[in-house]
2 protein chains.
Amino acid sequence: MRNEAFLSTALSCLPTPKETEALCKRSLRLTGNADDIRTEVLQRAPMKKGDRIVLDFGDHQVGYLTLKLGFVGSHPDAPAWIRLQFAERPVELFESAEEYHGWISTGWIQQEQIHIDTLPCTLRLPRRYAFRYVQIEVLDVSSKYELTVENAICTAVSSADNADLQPLKTDDPLLARMDAVACRTLHNCMQRVFEDGPKRDRRLWLGDLRLQALANYETYKNYDMVKGCLYLFAALPREDGLLSAAIFLEPEPEADDTFLPDYSMLFVPALLDYYEASGDEQTLRELWPTALRQLEIAKTQLNGGVFPDCERLGWCFIDWSLELNKQASLMGVYLYCLKAGQRIAALVQDPVLSALQSRWQAGADAMRTCFWDDALSCFASGEARQVSWASQIWAILGGVLSEQEGSALLQRMERTDAVGMVTPYLYHHYVTALLEVGDRKKALSVLKAYWGGMVEDGADTFWELYNPKNPNESPYGGTIVNSYCHAWSCGPAYFLRKFHLDRDGQ
Amino acid sequence: MRNEAFLSTALSCLPTPKETEALCKRSLRLTGNADDIRTEVLQRAPMKKGDRIVLDFGDHQVGYLTLKLGFVGSHPDAPAWIRLQFAERPVELFESAEEYHGWISTGWIQQEQIHIDTLPCTLRLPRRYAFRYVQIEVLDVSSKYELTVENAICTAVSSADNADLQPLKTDDPLLARMDAVACRTLHNCMQRVFEDGPKRDRRLWLGDLRLQALANYETYKNYDMVKGCLYLFAALPREDGLLSAAIFLEPEPEADDTFLPDYSMLFVPALLDYYEASGDEQTLRELWPTALRQLEIAKTQLNGGVFPDCERLGWCFIDWSLELNKQASLMGVYLYCLKAGQRIAALVQDPVLSALQSRWQAGADAMRTCFWDDALSCFASGEARQVSWASQIWAILGGVLSEQEGSALLQRMERTDAVGMVTPYLYHHYVTALLEVGDRKKALSVLKAYWGGMVEDGADTFWELYNPKNPNESPYGGTIVNSYCHAWSCGPAYFLRKFHLDRDGQ
């Protein structure tokens, strides 16, 4: 199914990324190992077979690399053969595609082997990369010449313009840095659409879009780009109207065949957020039926008032965790989205409002009945009654607890061994929940501990996943396929700016 | 040093290769090993990680590959990562760059790793390859889709037009095939210049040019192309006027810093051959000083009437052999070139003629005095008095023996364990020497045994090197860097057509 009018609106709103030039700042030699990387600044020198150099562009870039290459010695009598490896973090350069045996496609590993038939030359690589570092390794030259790297330029692309961005005014250097890193993260994910990560997998994901849009409203304020993305989802629903979790843009817009019930429903608050930020009532009215349809479809899934649990991997997102039971969380998402739906229904004066109110009430009752555990004093999910942070967070966001109840619940959780949070995506919702229950100080301290931890671990942009106890952890089996500029992590720019958290002190 | 007027003439004479399209004829699976290759015709099918297919273009091609790629399954959610390996002979596909440890640059190995971000797509590879076979190996896709190869096209390039070519009329199918393979070899080496091999190393080499030009006069008759190449050498001499062994064309014409005394001197007969084929007296007159200069420089090298021997690797070419002592052969080349110089001097009425005659006589005397070995009844070269085919061949071509003496000498050589011939380049001069001494039948039988052997070993084009006892031999340590379309091997087209050898029967 394809709504051509929506698609046309979408495509007219999506921006063309602008190009800027970033120069290589210095050349490095990396030694040591993944856990103890030593960095030495190098003077660039002619390179023979086996030589390596790491070009450092000083900050995270998304764009196209141009190398000016030359030679010393005799006229090259054989092609130069080089390997390029692009890395967002130096640790990636200590891994190789050949040694990667995780389950994710190695097609994502940012490396190329290139033959250069004519020297000197200007080599512009046709693919886009996300990187701060580029390692050049000479796989071979001939014995008659050596390769020289004369210059390296990145033609960086983004739809975000830093000229539009006011810096966050704060005396706290960590907060200033966290905000800058968050803005850079968002900036580099803003391409033709809001990509999840410019390294991997570059798709427009609904749940990720919502968080990026929130940060965008406080920073680059590119409302049309959000509008375009919302219309894109609305243009490409499944036959029954369900929205896909993600959209591909190339070779032409097409919905992914991945469906996540939480992501589909989050279209509702994403639309509401957009209206509240932009005041664009026409879009609100035009996309409301699409949004409402997600809630209607969700309702048909209920069984005994709640969503049935499911064993299928990836049946629902919530957090990047295989361990997490998601049944209770999904119910919280439903309630949260019903609240947003009520707000929109009221705004557009849709008589469905009262039905949504009743559904929320019934859902909130079912949430308490089915998932609240009196003995544990928290929500427990699934047949095994699993206690997790996710369940509590989404219950609070779903509105089933009072401020005091919610605040007390979150404090109690800290003294449990509840299933924890894996991604900045769920941490974002944790901070939102803390703000929801009035715990501004705690929200700030979580921000500083978690996102501040990434900063202390050297982040130029915020990561897809972060375990403060093991910064190099990868659920994919290698940092080489981790995404270290991942838009769902740009929350600090939103929280610090929207809620002025820095003004509370610590 | 650079003669701009000569360079301008050269560039105006060099052709722009014409494009034609060649389609993939069939798809194969190769199994077995390098010494026992089994071939199975395949129906193309969707490919997942690790799958391979070999596209067979039916004949040797030089050109640019275009692949039309698609997918089956879900919309690709990760780039496809493929390895392409181009092979002139199937045996190359049983070797890999990683396992190659020879001394030649692995930059020559015709393979690429390519990432495909968008499917379906038309992928046109920017580099030129020499191949009949293309192996496509899927290094990775994701679990959600498989790659399909919808179509494969080679945009073949050559400056030779088969429409200009008369087929050789012969009832002998082996001779017909040898001629066709020789013509294909020449055709595929005729690009902007006469390349030595379109796979490797693609340069214009003087000694190779001379043999290609001879075949060209009997086949494609592209006189201007030879003229352009002669002017190119003449435009870019060393300061003292010595011609380089080879010329690079990119990024702009430049002489190689490799100098081979035999190659430099062979400019003289190359110029004479060109005049005799084309009748272009202006070029003969204009380039005669350059040609004469090679003989003058050679004369200054003589010591006691002969060229001093040399231990330095690659000091002189003669044959692709490290074992061969080249001192006597080089003297033969000098005499051969002096004879050509005399012919030109007579044609242009240059009074240097008598000096050249005296020099030849002195040289011929020195050749006999220094290298003829009465006890062995043949020429012996170097301090160790090495007996080789090369020394006898070049002595005959140098004109120091009568027909009868030469014929008897070559017959005697067959009963010795003289150092043999390695390349079709020296075999070409052997056949020329046989014709010189009137042994037409033997010339034909050598052609049939040697080049015919390559045909029987499956050659689509003639090879840089051929050892009938071990067709997969490589002096470079791997067939993967051998050149299997090498223009100095195109002799059969010249010999069969110019000398009508097929009319002698066997």
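Why does Met225(B) count as buried? I looked this up and found 24 C-beta neighbours inside 10 Å, which is why Met225(B) counts as buried (buried means 20 or more other C-beta atoms within 10 Å of its own, exposed 12 or fewer, partly exposed in between, with C-beta atoms placed from the backbone).

I note that this is a predicted model, in which local features need pLDDT of at least 70 and side-chain atom pairs count only at pLDDT 80 or more, while totals for chains, interfaces and linings use all residues. Residues are numbered from 1 along each chain as its sequence is written, and chains are lettered from A and ligands numbered from 1 in the order in which they are written.

I placed Met225(B) in helix α4 (residues 223–235) of chain B (helices are DSSP runs of H or I, at least four residues, and strands runs of E, at least two, numbered from the N terminus). Leaving aside residues up to four places away in sequence, I found that Met225(B) touches Cys13(B), Leu14(B), Pro15(B), Ser159(B) and Met190(B), contact being C-beta atoms, placed from the backbone, within 7 Å.

I then turned to chain A, which is divided into domain 1 (18–158) and domain 2 (169–504), with bounds from an automatic or database domain assignment. The domain centres, taken over C-alpha atoms, are separated by 37 Å, and 21 residues of domain 1 are in contact with 19 residues of domain 2. On the domain 1 side, β4 (52–73), β8 and β9 (145–158) of chain A each give two or more residues, and β4(A) has the largest share, 3 residues.

How values were computed
Contact = placed C-beta atoms within 7 Å.
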